[in-house]
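I opened this entry to keep track of what I looked up, topic by topic.

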Amino acid sequence: MEFKTIIYTKDSGIATVQLNRPEVLNAIDEDVLLDLSRAMDDIVKDDDVRVLVVKGNKDAFAAGADIKSFVDYSPRDAHEYIFQVQISMNKLMAIGKPSIASISGYALGGGCEMALACDIRIAADNAVFGLPEINLGIIPGGSGTLRLTRLVGEGKAKELIFLGEIFNAKKALELGVINRLVPLEDLEAETAKLARRLARKPPIALRTAKELIQLSYDVDIHTGLMMEKEKFGYLFSTEDQREGMLAFLEGRKASFQGK
Ligand code: COA
């Protein structure tokens with residue numbers, strides 16, 4: 001597959017999307033959104049892909065929406081752009097496989113939102129986070145007002161978004177914005193280790209857990225428990241469930257086929 005703005009690779013069940021506009025700190029323009037969307041479509045279709053890693057380069061995960069292309073936008077253009085942003089973020093959420101944002105350097109605005117749309121965030125000690133849109137006279141439009149709020153709570157989200165505050169990786173860990181903080185030189189190896197661990201887990205159970213956790217924001221506890229019960233029963237129809245339990249009884253490591 002040909003892409004203009006990302007490097008898309010697949011290796012041993014792990015798909016990697018690397019944002020690749022280093023000259024503008026991986027600023028996100030419409031081409032990036034289209035490329036991301038196409039990569040997500042491929043990941044959904046490819047049963048061999050068990051895990052997605054999204055990353056940038058050493059200096060930038062992504063420094064947000066491409067402000068240069070914003071300047072002359074009409075309200076309608078802005079609406080269209082954010083529509084595309086939300087489609088790609090939703091696709092990223094909906095691949096049905098775990099995703100890891102592996103973050104070094106700037107993760108600002110839409111870059112921060114892209115990391116928030118991944119399931120697990122691992123960051124290097126040079127990572128810088130923030131939703132600075134307010135300083136441009138706008139607001140986060142790629143789910144930041146929702147996803148940051150869900151991670152850190154309303155009070156902290158309001159402070160960070162109202163002030164457009166930039167914060168470092170240590171603060172991001174304290175706030176719960178990231179799951180893990182590692183030295184920059186270890187980021188690649190730690191990301192790969194985490195991705196390999198996830199790739200060995202049973203895909204159908206992972207997908208089900210992911211769906212239920214996402215659903216938990218939108219349903220009341222009784223409906224959520226009902227869904228959990230149904231899905232729990234459903235997983236006993238999978239080969240992975242039989243393999244997982246047999247392997248436990250036989251004292252060996254399970255080999256999950258995603259069936
Ligand atoms: N959109 C478009 N171009 C961007 C960009 C963005 N979001 N962020 C960085 N760039 C470009 C810069 O214009 C510059 O290009 P140039 O060399 O042609 O002038 C290049 O990337 C390097 O950025 P620069 O600002 O020189 O680096 P820095 O290290 O001094 O500062 C930042 C880095 C991230 C603090 C600064 O670039 C910045 O504030 N970017 C905007 C962040 C933002 O508001 N994002 C939310 C957008 S909604």
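**Salt bridges**

I looked up Asp59 and found this residue partly exposed, with a relative accessible area of 44%. The model is a predicted one. The side chain of Asp59 meets that of Lys58 in a salt bridge, 3.3 Å from N to O. Lys58 counts as exposed, because its relative accessibility is 52% and the cut-off for exposed is over 50%.

I then went to Arg150, which forms a salt bridge with Asp218; their closest N and O atoms are 3.9 Å apart. This pair links distant parts of the chain, 68 residues apart: Arg150 is in helix H5, and Asp218 is in the loop between helix H9 (203-215) and helix H10 (221-235). I noted Arg150 as partly exposed at 41% relative accessibility and Asp218 as exposed at 57%.

I counted 16 salt bridges in the structure.

**Nonpolar cores**

I looked up the largest nonpolar core, which has 49 residues; Phe129 and Val177 have the most contacts inside it. Helix H1 (residues 30-45) gives the largest share of this core, six residues. I also found a second, separate core of 12 residues, with Val53, Val182, Leu187 and Ala199 among them.

**Surface patches**

I listed Arg180, Arg196, Arg197, Arg200, Lys201 and Lys253 as forming a positive surface patch. Arg196 sits in helix H8 (residues 187-199) and is partly exposed, with a relative accessible area of 43%.

A nonpolar surface patch of about 360 Å² is made by Ile67, Val71, Leu136 and Ile138. I placed Leu136 in the loop between strand E8 (128-130) and helix H5 (144-152). Leu136 is partly exposed, at a relative accessible area of 49%.

**Pro140**

Buried or exposed, I asked of Pro140? Pro140 lies in the loop between E8 and H5. Pro140 counts as buried because its relative accessibility is 6% and the cut-off for buried is under 20%. I also looked up Gly109, which is 31 residues from Pro140 in sequence and 6.6 Å from it in space, C-alpha to C-alpha.

Notes: Residues are numbered from 1 along each chain as its sequence is written. This is a predicted model: local features need pLDDT of at least 70, side-chain atom pairs count only at pLDDT 80 or more; totals for chains, interfaces and linings use all residues. Side-chain values use heavy atoms; hydrogens and water are left out. Patches are made of residues with over 30% relative accessible area and no salt bridge: like charges are joined within 9 Å, nonpolar side chains (Val, Leu, Ile, Met, Phe, Trp, Tyr) within 5 Å. Accessible areas come from the Shrake-Rupley method with a 1.4 Å probe; for residues, only the protein chains shown count as cover. A salt bridge is a side-chain nitrogen of Lys or Arg within 4 Å of a carboxyl oxygen of Asp or Glu. Helices (H or I, at least four residues) and strands (E, at least two) are DSSP runs, numbered from the N terminus. Buried means under 20% relative accessible area, exposed over 50%, partly exposed in between (1.4 Å probe, protein chains only). A nonpolar core is a set of buried Ala, Val, Leu, Ile, Met, Phe, Trp, Tyr and Cys residues joined through side-chain atoms within 4.5 Å. Lys and Arg count as positive and Asp and Glu as negative; His and the chain ends are not counted. The place of a charge is taken as NZ of Lys, CZ of Arg, CG of Asp or CD of Glu.
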